[in-house]
Amino acid sequence: VTLSGHTGGVRRAKFSSDGARVVTAGRDGTARVWDAATGKQVLRIRTANREAWSADYSRDGHLLVTAGSE
């Protein structure tokens with residue numbers, strides 16, 4: 001499956017603990033959540049940063065955290 005949507009490079013990609021979702025952090029300042037089976041975008045988060053360097057799930061999978069640079 002190809003995940004298409006970021007307008008810049010992707011700095012990080014991480015599967016959720018159950019493997020159902022993938023979160024990506026992009027140089028376009030967004031974090032995106034994808035359905036791992038279909039590749040469809042589930043959620044787009046515009047971060048407060050110019051670039052999103054990292055994104056990850058909490059252990060229980062209910063929260064996302066992003067980090068980036070200005």
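Asp56 forms a salt bridge with Lys14, with 3.8 Å between the closest N and O atoms; a salt bridge here is a side-chain nitrogen of Lys or Arg within 4 Å of a carboxyl oxygen of Asp or Glu. The pair ties together distant parts of the chain, Asp56 sitting in strand 5 and Lys14 in strand 1, 42 residues apart. Strands (E, at least two residues) and helices (H or I, at least four) are DSSP runs, numbered from the N terminus. This is a predicted model, in which local features need pLDDT of at least 70 and side-chain atom pairs count only at pLDDT 80 or more, while totals for chains, interfaces and linings use all residues. Residues are numbered from 1 along each chain as its sequence is written, and side-chain values use heavy atoms, with hydrogens and water left out.

Put together, Arg12, Lys14 and Asp56 are linked in a network of salt bridges. As for how open these side chains are, Asp56 is partly exposed at a relative accessible area of 22%, and Arg12 is partly exposed at 30%. Lys14 likewise counts as partly exposed, at 30% relative accessibility. For these labels, buried means under 20% relative accessible area, exposed over 50%, and partly exposed in between (1.4 Å probe, protein chains only).

Arg21 lies in strand 2 (residues 21-26) and Asp35 in strand 3 (residues 30-35), 14 residues apart. Arg21 is partly exposed, its relative accessible area being 31%.

What about a residue outside the strands? Arg59 lies in the loop between strand 5 and strand 6 (64-69). With 84% relative accessibility, Arg59 counts as exposed. Arg59 and Ile45 are 14 residues apart in sequence, and their C-alpha atoms are 20 Å apart in space.

Stepping back to the whole fold, the protein chain has zero helices and six strands, and reads β-β-β-β-β-β along the sequence. The radius of gyration of the protein chain is 11 Å, close to the 11 Å that the globule rule gives for 70 residues, so the chain is as compact as a globular protein of that length. That radius is taken over C-alpha atoms, and the globule rule is 2.2 Å times the number of residues to the power 0.38. The C-alpha trace spans about 30 × 25 × 15 Å along its principal axes.

Of the 70 residues, 33% count as buried. Among contacts (heavy atoms within 4.5 Å) between residues at least 6 apart in sequence, 30% join residues at least 24 apart. The accessible surface comes to about 4500 Å², with 49% of it belonging to carbon and sulfur atoms; accessible areas come from the Shrake-Rupley method with a 1.4 Å probe, and for residues only the protein chains shown count as cover.
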